Every structure is written in C-alpha cells, then in structure tokens.
Amino acid sequence: MPERASTAPEMIALARELRELRAELVSTLGAVRSCSGCAIGHPEPFGHWPGGHCCGGRTEDLFTDDDLAALKLSGTTPSQFRAPSSDFAGCAFRGPSGCSLDPGDRPNLCVRFICRTLEVELRERGDLREVRQLERRLEQVFERFSALRSAELEALPEEWRELGAV
C-alpha cells in the first residue's frame with residue numbers, strides 16, 4: 001500500500017472514520033452475556049475458551065487486505081497487535097478474557113458480527129436498532145474505502161502489483 005503522502009485524503013478520512021465506528025459499535029454493544037459462554041461444548045479451537053465461539057476463526061481469514069490498509073492509514077502500528085500470553089485458540093488475538101486488540105484495531109468482520117443469540121439479547125435490551133444502524137454505517141464506510149483502494153491499486157503499474165508492492 002502506498003504511504004500516507006501518496007494516498008487520497010478521502011481514504012485517510014475513511015480509515016479514521018472506520019476506527020471511530022469500530023470503537024463506537026463495541027462500546028454500544030457493551031457487556032453482553034451472550035458471548036460469555038457461547039463456545040462451551042464446541043470442538044477446538046472454538047470451544048477452547050467459554051466465550052467467543054465466533055472468535056475461533058483463523059486470523060488470516062479475519063483480516064482482509066482492505067482491513068489492514070485501513071488500519072495502517074488510521075494510525076495502527078504493528079506494535080499494537082499484541083497477542084495474549086495464553087493458549088492459542090483460533091484467532092491469534094483471542095484469549096481467555098476475549099480479544100486482546102483495542103476495538104479500533106479489530107477487523108470489521110469481528111466488530112460487525114452479530115449472532116442470533118446476541119441479536120435476541122440486544123433486542124431485549126432495547127439496543128438492537130442502534131447497533132444495526134452503526135453496523136450498517138460501518139459496512140458502508142468500509143465498502144467506500146475498499147472501492148477507493150481498489151481504484152488506487154488499479155492505477156498502479158502492473159509490475160508493481162505483480163511484485164506485491166501494494
């Protein structure tokens with residue numbers, strides 16, 4: 001990915017907005033009981049910890065190239081990706097007390113994913129509408145960022161793309 005100086009200002013603004021939206025969505029979700037024991041009884045790696053069944057996925061499948069580009073443009077540095085010092089159980093950032101990443105540094109998929117059990121809890125709590133609105137806004141901004149990034153990559157010389165320079 002090109003450095004900040006050569007990146008469209010709109011992409012940088014969108015990357016920053018994505019960071020803010022991820023943090024806002026996680027804050028709005030707050031402490032939910034649905035996620036505390038949803039993995040109990042499931043096979044490894046999903047059932048390794050009591051909660052976070054959805055966090056048992058492979059790290060490389062959760063972070064897309066667009067996620068990583070947005071994180072970089074929003075100011076995330078590699079030193080902010082600290083794995084918990086615990087058993088490995090799916091995603092490298094999943095530990096016994098949940099995700100070790102700051103909400104602003106998490107992949108969009110992880111922040112936006114709402115299973116049916118969590119959806120019921122949010123509906124009962126009266127927060128489902130607000131959460132869904134934030135979820136849709138996050139998805140829209142991410143799609144816009146991805147489209148701009150795709151256009152920027154297409155504008156690069158073919159040999160740069162083949163070398164993995166982006």
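The following exercises, each with a worked solution, concern a predicted model.

**Exercise 1. Salt bridges**

Find how many salt bridges the whole structure holds, and examine the pairs Arg58 with Asp61, Asp127 with Arg125, and Arg132 with Glu119.

Solution.

1. The criterion is a side-chain nitrogen of Lys or Arg within 4 Å of a carboxyl oxygen of Asp or Glu. A search of the whole structure with it returns 13 salt bridges.
2. For Arg58 and Asp61, the closest N and O atoms are 3.2 Å apart, and the pair is a salt bridge.
3. Asp127 and Arg125 also form a salt bridge, with 2.6 Å between their closest N and O atoms. Arg125 is partly exposed, at 32% relative accessibility.
4. The side chains of Arg132 and Glu119 meet at 3.5 Å, N to O, in a salt bridge. Arg132 belongs to helix 6 (residues 128-154) and Glu119 to helix 5 (residues 116-125), so this pair ties together parts that are 13 residues apart in sequence.
5. Glu119 has a relative accessible area of 17% and is buried.
6. A network of salt bridges links Glu119 and Arg132 with Arg123 and Glu135.

**Exercise 2. The surroundings of Ser34**

Locate Ser34, decide whether Ser34 is buried or exposed, and list its contacts beyond four places in sequence.

Solution.

1. Ser34 sits in the loop that runs between helix 1 (9-29) and helix 2 (59-62).
2. Its relative accessibility is 13%. The limit for buried is under 20%, so Ser34 counts as buried.
3. With neighbours within four places in sequence set aside, the contacts of Ser34 are Thr117, Leu118 and Glu121.
4. The side chain of Ser34 makes a polar contact of 2.3 Å with the side chain of Glu121.
5. A polar atom of the Ser34 side chain also lies 3.5 Å from the backbone oxygen of Thr117.

**Exercise 3. The position of Arg136**

State which element holds Arg136, how accessible Arg136 is, and how far Arg136 lies from Arg112.

Solution.

1. Arg136 is part of helix 6.
2. Its relative accessible area is 45%, and Arg136 is therefore classed as partly exposed.
3. In sequence, 24 residues separate Arg136 and Arg112; in space, their C-alpha atoms are 8.6 Å apart.

**Exercise 4. The largest pocket**

Describe the largest pocket by its volume, its lining residues and the elements that supply them.

Solution.

1. The volume of the largest pocket is about 880 Å³.
2. Its lining comprises 36 residues; nearest the centre are Cys35, Gly52, Cys54, Cys55 and Arg106.
3. Two or more lining residues come from each of helix 1, strand 1 (94-95), strand 2 (98-99) and helix 4 (108-112).
4. Helix 4 supplies the largest share, three residues.
5. Sorted by class, the lining has 24 nonpolar, 10 polar and two charged residues.

**Exercise 5. The packing of helix 3**

Identify the buried residues of helix 3 (residues 65-73), name elements that cover them, and say what follows the helix.

Solution.

1. The buried residues of helix 3 are Asp66, Asp67, Ala69, Ala70, Leu71 and Leu73.
2. Their cover includes helix 1, helix 2, helix 4 and helix 6.
3. After helix 3 comes Gly75, which has a positive phi, near 110°.

Methods: Residues numbered from 1 in each chain as written. Predicted model: local features only at pLDDT ≥ 70, side-chain atom pairs only at ≥ 80, totals over all residues. Heavy atoms only, no water. Buried < 20%, exposed > 50% of the residue type's maximum accessible area, 1.4 Å probe, protein only. Polar contact = N/O pair within 3.5 Å; in protein donor to acceptor, adjacent residues only side chain to side chain. Contact = heavy atoms within 4.5 Å. 1 Å grid on protein atoms, 1.4 Å probe; cavity = no way out; pocket = protein on both sides within 12 Å on 5 of 7 lines; lining within 4 Å. Points joined across faces, edges and corners; volume = space filled by probe spheres on them. Nonpolar A, V, L, I, M, F, W, Y, C, P; charged D, E, K, R; others polar.
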